[in-house]
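Please look over the structure shown here before reading on. The notes that follow are grouped by topic.

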Number of protein chains: 2
Amino acid sequence: MVEKKISSAVIKRLPRYFRYLRDLLDQGVNRISSEELSRLMHATASQVRQDLNNFGGFGQQGYGYNVEYLKDEIAKILGLDTPHNMIMVGAGNLGRAIAGYDKFDNRSFHIKGIFDSNPDVVGQEVRGIRIMPMDEIESFIRENNISIVGLTVPKDQGRPVAEMLYGYGIRAFWNFAHVDLSLPEDAHVENVHLSDSLMQLSYRLKNNL
Amino acid sequence: MVEKKISSAVIKRLPRYFRYLRDLLDQGVNRISSEELSRLMHATASQVRQDLNNFGGFGQQGYGYNVEYLKDEIAKILGLDTPHNMIMVGAGNLGRAIAGYDKFDNRSFHIKGIFDSNPDVVGQEVRGIRIMPMDEIESFIRENNISIVGLTVPKDQGRPVAEMLYGYGIRAFWNFAHVDLSLPEDAHVENVHLSDSLMQLSYRLKNNL
């Protein structure tokens with residue numbers, strides 16, 4: 001059912017649709033028109049219809065969208081209908097903050113372990129998740145069916161650690177290290193470069209954009 | 001010197017140029033050709049020349065780019081040549097992790113204070129930065145010339161807190177709250193929606209994109 005060749009702009013909006021639909025459902029809203037949904041999304045109704053048509057529609061003329069059905073379909077498209085086991089590599093402040101955030105579990109992202117090369121932090125726990133030494137990472141990945149790694153290591157460790165993990169079969173990298181990874185084509189990298197986003201904000205503030 | 005109407009794709013690449021040039025300078029590299037720079041950036045040489053032409057060039061035929069000069073010019077374009085005083089609002093794990101990160105200072109972003117509504121955390125310090133109560137925020141903003149706010153509050157507080165800060169004159173919001181802010185046109189918002197980025201990664205992993 002999922003069509004390929006969906007533009008990256010649409011893909012970027014999908015998590016927002018998912019968030020809004022989940023919020024609506026939490027508020028007890030079961031049905032929504034494309035006009036209402038577009039108001040929430042700060043988009044035009046035709047934009048919303050177009051976006052959702054990419055995935056086969058789900059709307060009914062004169063009825064609008066069934067919120068729960070649409071949310072579930074978008075969840076499937078995003079791959080949220082199957083659990084993802086994750087690890088964090090790098091137990092600094094940011095790695096701990098992310099591991100400590102329990103809301104990812106609701107979206108089927110389960111952080112199973114944290115790894116760090118510093119023996120002083122190994123054995124500590126964050127939200128019940130154990131910090132383990134790097135030499136246990138390969139067996140942990142295999143035994144726990146880990147599919148996604150969050151990289152919160154210092155900049156100079158970003159590439160070597162990512163390459164090592166690629167060798168252990170990891171293909172999805174959520175990269176917070178301040179470096180662009182250089183991995184084979186079949187690796188998926190989602191960068192969260194915090195200082196880049198701050199610099200973009202500075203640019204827009206300066207140029208009033 | 002800075003031209004308007006620069007595409008947002010170019011603006012997104014500028015922080016990366018800045019990062020690479022700073023790294024080159026740290027490695028003692030003073031001069032670089034557009035070919036070498038493009039290899040680093042994973043772009044074509046003509047792309048790099050085109051990008052930098054947006055800002056008046058800076059390259060010299062047969063010489064290439066002077067790394068320090070180019071870095072400084074990009075810094076100016078990004079507004080990094082003048083310091084930005086910031087506060088974080090929300091002293092949870094993420095707010096503390098960001099405030100605790102000392103590298104932003106090198107890029108002229110100075111976190112001057114952290115604010116939280118929880119009296120239990122008020123008075124604590126992160127990297128010498130004091131956590132203060134919300135009722136001191138207005139005077140702190142005015143007295144410390146705060147131009148950027150990092151929002152690490154829970155989702156339901158995102159909008160009201162942002163609107164309050166807008167009323168105190170803040171126009172640049174670095175938003176980590178899991179909600180899209182709704183502010184007047186002259187507000188600049190840079191969203192860092194962690195779970196959105198994780199969902200995009202999941203999508204790409206599922207669809208092998």
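In this predicted model, the count of aromatic pairs over all chains comes to 8. The rings of A:Y101 and A:F104 are an edge-to-face pair, because their centres are 4.9 Å apart and their planes stand at 65°, where an angle over 60 degrees counts as edge-to-face.

**Aromatic rings**

- A:F104 is buried, with a relative accessible area of 2%, whereas A:Y101 counts as partly exposed at 26% relative accessibility.
- In chain B, the rings of B:F104 and B:W174 form an edge-to-face pair, with 5.6 Å from centre to centre and 85° between the planes.
- This pair links distant parts of chain B, the two residues being 70 residues apart.
- B:F104 is in the loop between α5 (93–99) and β5 (109–116) of chain B, and B:W174 is in strand β9 (residues 172–175) of chain B.
- Both B:F104 and B:W174 are buried.
- In chain A, ring pairs join A:Y101, A:F104, A:W174 and A:F176 into a cluster.

**Charges over rings**

- The charged end of A:R171 sits over the ring of A:Y166, at 3.6 Å from the ring centre.
- In chain B, B:R171 lies over the face of B:Y166, and the distance to the ring centre is 3.6 Å.

**The interface of chain A and chain B**

- The contact involves 64 residues from chain A and 64 residues from chain B.
- The two chains bury about 5800 Å² between them, and 60% of this area is on carbon and sulfur atoms.
- There are 12 salt bridges across the interface.
- A:R19 forms a salt bridge with B:D180, with the closest N and O atoms 3.5 Å apart.
- On the side of chain B that touches chain A, helix α8 (residues 194–207) of chain B gives the largest share, 14 residues.

**Helix α4 of chain A**

- Which residues of helix α4 (residues 67–77) of chain A are buried? They are A:V67, A:L70, A:K71, A:E73, A:I74, A:A75 and A:I77.
- An α-helix has 3.6 residues a turn, so residues three or four places apart point the same way.
- Within chain A, the buried residues of α4(A) pack against α1, β1 (31–32), α2 (34–41), α3 (45–53) and β3 (64–66).
- The buried residues of α4(A) also pack against α8 of chain B.
- A:N66 caps the N-terminal end of α4(A), with a side-chain oxygen 3.1 Å from the backbone nitrogen of A:E68.
- A:G79 follows α4(A) and has a positive phi, near 75°.

- A:I6 lies in the segment before α1 (8–26) of chain A.
- The relative accessible area of A:I6 is 9%, so A:I6 is buried, the limit being under 20%.
- Apart from neighbours within four places in sequence, A:I6 is in contact with A:I11, A:N54 and A:F55, and with B:Y203 of the other chain.
- A:I6 and A:D51 are 45 residues apart in sequence, and their C-alpha atoms are 9.3 Å apart in space.
- B:N85 belongs to strand β4 (residues 84–89) of chain B.
- With a relative accessible area of 16%, B:N85 is also buried.
- Leaving out residues up to four places away in sequence, B:N85 touches B:H110, B:K112, B:N144, B:N145, B:I146, B:S147 and B:I148.

- Most residues other than glycine have a negative phi.
- A:R127 is not a glycine, yet its phi is positive, near 50°.
- A:R127 is placed in the loop between β6 (125–126) and β7 (129–133) of chain A, and at 37% relative accessibility A:R127 counts as partly exposed.
- B:H42, which is not a glycine either, has a positive phi of about 55°.
- B:H42 is in the loop between α2 (34–41) and α3 (45–53) of chain B.
- Is B:H42 buried or exposed? At 54% relative accessibility, B:H42 counts as exposed, because the limit for that is over 50%.

Technical notes
Residues are numbered from 1 along each chain as its sequence is written. Chains are lettered from A and ligands numbered from 1 in the order in which they are written. This is a predicted model: local features need pLDDT of at least 70, side-chain atom pairs count only at pLDDT 80 or more; totals for chains, interfaces and linings use all residues. Side-chain values use heavy atoms; hydrogens and water are left out. Rings of Phe, Tyr and Trp (its six-membered ring) pair if their centres lie within 6.5 Å; planes under 30 degrees apart count as stacked, over 60 as edge-to-face and the rest as tilted. Buried means under 20% relative accessible area, exposed over 50%, partly exposed in between (1.4 Å probe, protein chains only). Helices (H or I, at least four residues) and strands (E, at least two) are DSSP runs, numbered from the N terminus. A charge sits over a ring if NZ of Lys or CZ of Arg is within 6 Å of the ring centre and within 35 degrees of the ring normal. Contact means heavy atoms within 4.5 Å. Buried area is the accessible area (1.4 Å probe) that two parts lose on being put together, summed over both. A salt bridge is a side-chain nitrogen of Lys or Arg within 4 Å of a carboxyl oxygen of Asp or Glu. A polar contact is a pair of N or O atoms within 3.5 Å; within protein, one must be able to donate a hydrogen and the other to accept it, and residues adjacent in sequence count only if both atoms are side-chain atoms.
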